[in-house]
Amino acid sequence: MFNLDPLLPLRELLQGKTTITHRDLVFASVDGIRLTLDLIIPRSDRKPPLLIWIHGGGWRTGSKAKPPIRRLISEGFALASISHRFTQQAIFPAQIHDCKGAVRWLRAHQNEYGYDARWIGAVGSSSGGHLAMLLGTSGGVEELEGDVGHCTSESSKVQCVVSHFGPADFRLRGRTQPDIAYTEKSGSFAMLGGMRYGKVLPELEVAASPVTYVSDDSPPILLFHGTNDQFVLFDQSECMVRAYEQVGRPAQLVAVPGAGHGGTVFYWGEHFDTMRDFLLKHAP
């Protein structure tokens, strides 16, 4: 793994002095909806490994603009910030189909844009953290593959996952937070069929839960979660770690004392360093 100058100012990255940026690349069109991604590649004489950022927003809103992990580009990673269909447009599994479609498209176009997609790390927050975890655990699960982007000869597997306060088990959430899980307070209500059918479908709760697919082939995972998160409870990350431990796969949970659901504390200082070190450890 190679590093660019770790002290390189973020401003220079954003001004393109050390990066090449491609915005709004269309990786698929589904039912007339254009799915796009932004791609930022550090200027280097070697092809960098790729990180994918999946934004939060309750599966019903949010933007791929300004991913909070941009500073990782100065560590030698290329970064793709991707979009997906919102729940107003389609329910699960559309969201994971879109993410897998983006992964396959990025692998198919790696030589064109100059990064190395043999290794891909998926990073996301909240609903994006859920989708990053699901990318990691459901690699090769046929019913979640879909054909978005049509690059079906490419693999949708990712080799490393970082989730910031994402839900891992919707059945558990239904037991511990029914007032959120089974109402419009959470975007998962719509994603799991609540708006369409008047209730969350139990089969979608299982199918959409990353913990469902944890196996001895699951990629290394790092979880950040605030101890005062009242929207996605801390036990969501705890149950993911337990599932990993049961199959002997590497998993780390960083408890962020007093933090709620979101905030810059997750992406700066010691927590940024932990994320950076984890990704550098597992990247080629």
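**How are helices α2 and α4 oriented to each other: roughly parallel, roughly antiparallel, roughly perpendicular or oblique?** That is our opening exercise.

This is a predicted model, in which local features need pLDDT of at least 70, side-chain atom pairs count only at pLDDT 80 or more, and totals for chains, interfaces and linings use all residues. Residues are numbered from 1 along each chain as its sequence is written, and side-chain values use heavy atoms, with hydrogens and water left out.

**Exercise 1. Work out the orientation of α2 and α4, then describe their contact.**

Step 1: find the helices. α2 covers residues 94-108 and α4 covers residues 127-137. Helices (H or I, at least four residues) and strands (E, at least two) are DSSP runs, numbered from the N terminus.

Step 2: take the angle. The two axes come within 10 Å and cross at roughly 65 degrees. Axes are lines fitted to C-alpha atoms, for helices over the stretch in contact, and angles run from 0 to 180 degrees between N-to-C directions.

Step 3: classify. Angles under 35 degrees count as roughly parallel, over 145 as roughly antiparallel, 65 to 115 as roughly perpendicular and the rest as oblique. The helices α2 and α4 are therefore roughly perpendicular to each other.

Step 4: list the contact (heavy atoms within 4.5 Å). On α2 look for Q95, I96, C99, K100 and V103; on α4, for L131, L134 and L135. By class, this contact has six nonpolar, one polar and one charged residues. Here Ala, Val, Leu, Ile, Met, Phe, Trp, Tyr, Cys and Pro count as nonpolar, Asp, Glu, Lys and Arg as charged, and the others, Gly among them, as polar.

**Exercise 2. Locate P68 and name its contacts.**

Step 1: P68 sits in the loop between β3 (49-54) and β4 (78-82). With 31% relative accessibility, P68 is partly exposed.

Step 2: leaving aside neighbours within four places in sequence, P68 touches W53 and Y267.

Step 3: now compare sequence with space. P68 and T264 are 196 residues apart along the chain, and their C-alpha atoms are separated by 8.2 Å. For R43 and E238, 195 residues apart in sequence, the C-alpha to C-alpha distance is 39 Å.

**Exercise 3. Examine the backbone at D24, K66 and P93.**

Step 1: D24, in strand β1 (residues 19-30), has a positive phi near 60 degrees without being a glycine. D24 is partly exposed, at 45% relative accessibility.

Step 2: K66, in the loop between β3 and β4, is also not a glycine and has a positive phi of about 55 degrees. K66 counts as exposed, at 70%.

Step 3: P93, in the loop between β4 and α2, is joined to F92 by a cis peptide bond, with omega about 15 degrees.

Key
Buried < 20%, exposed > 50% of the residue type's maximum accessible area, 1.4 Å probe, protein only.
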